[in-house]
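These are notes for a colleague who has not worked with this model before. Please read them with the structure open.

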Amino acid sequence: MQQKDLIELWDTCNVPLVHRSYFFLLIQGELSNSVYLNVELRRLSFLKDAFSSGHYITGEEGLDVTPNSSLASLTRERKMLSKQVHKKFSRREKEELYLKWGIDLKTKLRSTQLAWLVWTDTRDLNHIRESAALVGKLVGFINTGEASKKTFGLGFLV
């Protein structure tokens, strides 16, 4: 139930796809990760409430984070992911990916279509798993070991 709520909050708050994917792959299936889920749920609930009430959050660079700025950032991220498809996969692998995601091989801008398909069906856990795995491959963080948790800033518990 918490995982479902988290996925919907990620979508509502326009959380970056790389963050969603890394977090999803990192905490998947481990009961010890309930603390991480709770922290992320509280953080996103606060963000959603702030956005709903018209308040903005000041980001790390001192810029206001708004629903519109989050959406614009998400759009830039999808463009980056579409470029990564060409760098990370062979022609054969790309064709297999496109077919797997229901993209006709005769259409144009297939990598862009693919980037706009990931993380779109928040109610389908299989789609979420596939999206997280694809984004993980595109940005290169498939390893979800303990060292990765510390890199992600989740190693605050002993």
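Which helices do the buried residues of helix 7 pack against? They pack against helix 1 (2-12), helix 2 (17-27), helix 4 (67-88), helix 5 (91-100) and helix 6 (110-117).

1. Basis of the notes. This is a predicted model, in which local features need pLDDT of at least 70 and side-chain atom pairs count only at pLDDT 80 or more, while totals for chains, interfaces and linings use all residues. Residues are numbered from 1 along each chain as its sequence is written, and side-chain values use heavy atoms, with hydrogens and water left out. Helices (H or I, at least four residues) and strands (E, at least two) are DSSP runs, numbered from the N terminus.

2. Helix 7. The buried residues here are His127, Ile128, Ser131, Ala132, Leu134, Val135, Gly136 and Leu138; buried means under 20% relative accessible area, exposed over 50%, and partly exposed in between (1.4 Å probe, protein chains only). Helix 7 covers residues 125-139, and its 15 residues should span 21 Å at 1.5 Å a residue, the expected span being 1.5 Å times one less than the number of residues. The end C-alpha atoms are 21 Å apart, which agrees.

3. Ends of helix 7. Aspartate 124 caps the N-terminal end, with a side-chain oxygen 3.1 Å from the backbone nitrogen of asparagine 126. Just after the helix, glycine 140 has a positive phi of about 85 degrees.

4. Helix 2 and its packing on helix 4. Ten of the eleven residues of helix 2 are buried, among them His19, Tyr22, Phe23 and Phe24. Helix 2 and helix 4 pack at about 75 degrees with their axes 9 Å apart; axes are lines fitted to C-alpha atoms, for helices over the stretch in contact, and angles run from 0 to 180 degrees between N-to-C directions. The two helices are therefore roughly perpendicular (65 to 115 degrees; under 35 is roughly parallel, over 145 roughly antiparallel, and the rest oblique). Leu17, Val18 and Arg20 of helix 2 meet Leu74, Glu77, Arg78, Met80 and Leu81 of helix 4, where contact means heavy atoms within 4.5 Å. By class, the residues of this contact are five nonpolar, no polar and three charged. Ala, Val, Leu, Ile, Met, Phe, Trp, Tyr, Cys and Pro count as nonpolar, Asp, Glu, Lys and Arg as charged, and the others, Gly among them, as polar.

5. Helix 4 and helix 5. Their axes come within 8 Å and cross at roughly 135 degrees, which makes helix 4 oblique to helix 5. Val85, His86 and Lys88 of helix 4 make the contact with Glu93, Lys94 and Tyr98 of helix 5. This contact has two nonpolar, one polar and three charged residues.

6. Asparagine 14. This residue is in the loop between helix 1 and helix 2 and counts as buried because its relative accessibility is 15%. Leaving aside neighbours within four places in sequence, asparagine 14 is in contact with Arg20, Pro67, Ser70, Leu71 and Leu74.

7. Two positive phi values to check. Most residues other than glycine have a negative phi. Leucine 109, in the loop between helix 5 and helix 6, has a positive phi of about 55 degrees and is exposed, with a relative accessible area of 63%. Tryptophan 119, in the loop between helix 6 and helix 7, has a positive phi near 60 degrees but is buried, with a relative accessible area of 1%.

Key: Polar contact = N/O pair within 3.5 Å; in protein donor to acceptor, adjacent residues only side chain to side chain.
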